[in-house]
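Here is a short report on one protein model. Please look at the sequence and structure first.

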Amino acid sequence: MPLSPEVKKTIEEAVAKNFKDEVAFVQKMVQYGGQRGEEHEALEEMYRQYTSRGYNTTRLEMDHQILAQHSSAGRVSDTHSKAPVIIGVHEPKSTTPGGKSLILNGHIDIVPNGPKELWTHDPYSARIEGDWLYGRGGADMRAGAVANLYALDALRSIGKQPASKVIIESVPEEESTGNGTMTTHLAGYTADAVLIPEPTNEELVRANVGVIWFKVAVAGRPVHVLKAKEGSNAIESIWQIVGGLKELEKEMNDQKQGRLYFEHMASPINLNVAMIQGGDWASSVPAWCSIDCRVALFPGVTAQEVADKIERKIAEVSETNSFLRDSPAKLSWNGFFAEGYVLEPGSAAEEVLKTAHQQVTGAELTSMTMPAYLDTRIFALEQNIPALCYGPIGESIHGFDERVSISSIQRVTTTIALFIAEWCGLEDIAT
């Protein structure tokens with residue numbers, strides 16, 4: 001039964017009444033900070049929050065041996081986080097659910113800050129200026145993870161709870177492997193739909209690329225610069241490989257034609273040479289060099305297909321370089337090995353989200369293509385359930401002065417609360 005206008009209004013009012021506390025909690029989560037491998041404190045805070053609300057709360061450890069057996073799991077390296085996945089489960093009173101089950105997922109891990117002096121304020125200040133809350137991870141995506149929690153709180157504050165099972169997840173490793181959410185899948189957590197409030201500017205992600213991370217390392221022969229021509233410059237050699245990889249990037253982008261959600265984009269497939277290390281003395285020809293790279297792939301293309309293309313391209317370039325022919329580059333996979341997905345229009349879950357969004361914003365829900373990694377792909381590809389990625393307005397994601405719109409957090413929290421109420425149904429709180 002659709003929600004009555006009166007119930008919708010009381011839910012909106014409940015979100016508004018709790019919103020000051022919600023913003024304060026987003027600030028607290030930003031202030032925890034916690035780079036890769038240091039998310040324990042922030043995740044333990046979510047454990048406490050789930051437990052205090054009466055959810056059946058569990059810590060899941062990411063088992064590297066189990067993950068290694070799954071072809072779509074991220075490739076684990078020494079820098080892989082060992083922080084736990086936090087799961088909270090709400091069970092309805094009745095053994096006959098009043099609606100459909102739901103997963104609310106959000107990642108707690110964040111990306112590096114870069115030079116602190118390039119930030120206007122401390123990256124973990126959670127400073128508020130006008131409609132913006134600043135800080136690393138505020139937009140991507142601790143505000144969304146908090147919105148999941150406070151959307152459920154809004155229902156509790158009017159004496160209601162979901163009439164179906166709801167699983168709320170706080171995960172690490174979204175920014176580098178996807179293995180936090182993959183762990184929830186491998187542990188058997190599933191539902192009739194999932195919603196992940198990434199910072200999508202209040203749009204729904206219709207299509208999402210896959211992502212692969214890899215490292216290329218070469219080793220040269222060190223000599224003094226006065227005999228530079230007798231040595232092999234590892235940095236110059238690896239830069240030839242970069243040139244070949246950029247050729248591959250162009251080849252992959254040329255395949256966008258006919259791909260409904262990608263052909264309008266100038267460069268949907270981006271190859272990013274993200275990190276470079278090499279040499280140790282200005283007057284010595286560098287003997288070693290390594291680069292860490294990221295490349296995207298279209299939905300329907302397997303990660304292994306692209307990995308094979310990368311390997312072939314490096315071999316092709318090496319044949320043109322006398323040093324690389326004798327000392328082959330070493331290629332390794334050290335993070336994402338993920339494929340993309342398309343959210344086909346017309347699912348019941350999407351229709352419910354459209355209605356909730358219009359109720360809150362007064363506008364039609366629009367869709368967008370995301371040329372970056374999303375954990376939604378795990379639910380779409382591995383569980384074949386409607387995977388909705390929809391969240392607040394954010395700016396400077398992964399950049400300096402990352403920020404999230406406070407008014408947008410409220411709109412998204414309200415939309416999620418209405419979505420839960422409609423999708424899962426409502427019942428009086430268990431006493």
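The report covers the basis of the model, its pocket, its cavities, its salt bridges and a surface patch.

## Basis

This is a predicted model, in which local features need pLDDT of at least 70, side-chain atom pairs count only at pLDDT 80 or more, and totals for chains, interfaces and linings use all residues. Residues are numbered from 1 along each chain as its sequence is written, and side-chain values use heavy atoms, with hydrogens and water left out.

## Largest pocket

The largest pocket has a volume of about 1,300 Å³. A pocket is an open set of points on a 1 Å grid over the protein atoms alone, with protein on both sides within 12 Å along at least five of seven lines; lining residues have an atom within 4 Å of a point. Volume is the space filled by probe spheres set on the points, which are joined across faces, edges and corners.

The lining of the largest pocket counts 41 residues. Val111, Pro112, Glu175, Trp213 and His398 lie nearest its centre. Strand 10 (210-219), strand 11, strand 12 (288-297), strand 13 (330-338) and strand 15 (367-370) each give two or more residues to this lining. Strands (E, at least two residues) and helices (H or I, at least four) are DSSP runs, numbered from the N terminus. By class, the lining has 18 nonpolar, 11 polar and 12 charged residues. Ala, Val, Leu, Ile, Met, Phe, Trp, Tyr, Cys and Pro count as nonpolar, Asp, Glu, Lys and Arg as charged, and the others, Gly among them, as polar.

## Cavities

The structure holds 2 cavities of 30 Å³ or more. In a cavity, a 1.4 Å probe fits but cannot get out. Leu3, Lys8, Val352, Thr355, Ala356, Leu418, Phe419 and Glu422 line it.

## Salt bridges

The whole structure has 21 salt bridges, each a side-chain nitrogen of Lys or Arg within 4 Å of a carboxyl oxygen of Asp or Glu. Arg136 pairs with Glu402, the closest N and O atoms being 2.8 Å apart. Arg136 lies in the loop between strand 5 (132-134) and helix 4 (138-157), and Glu402 in the loop between strand 17 (394-395) and strand 18 (403-405), so the pair ties together parts 266 residues apart in sequence. Both Arg136 and Glu402 are buried. Buried means under 20% relative accessible area, exposed over 50%, partly exposed in between (1.4 Å probe, protein chains only).

Lys215 and Asp292 also form a salt bridge (2.8 Å, N to O). Lys215 lies in strand 10 and Asp292 in strand 12, so the pair ties together parts 77 residues apart in sequence. Lys215 is partly exposed at 24%, whereas Asp292 is buried at 11%.

## Surface patch

Ile235, Trp239 and Ile276 make a nonpolar surface patch of about 290 Å². Patch residues have over 30% relative accessible area and no salt bridge; like charges are joined within 9 Å, nonpolar side chains (Val, Leu, Ile, Met, Phe, Trp, Tyr) within 5 Å. Areas come from the Shrake-Rupley method with a 1.4 Å probe; for residues, only the protein chains shown count as cover. Ile276 sits in strand 11 (residues 271-278). At 46% relative accessibility, Ile276 is partly exposed.
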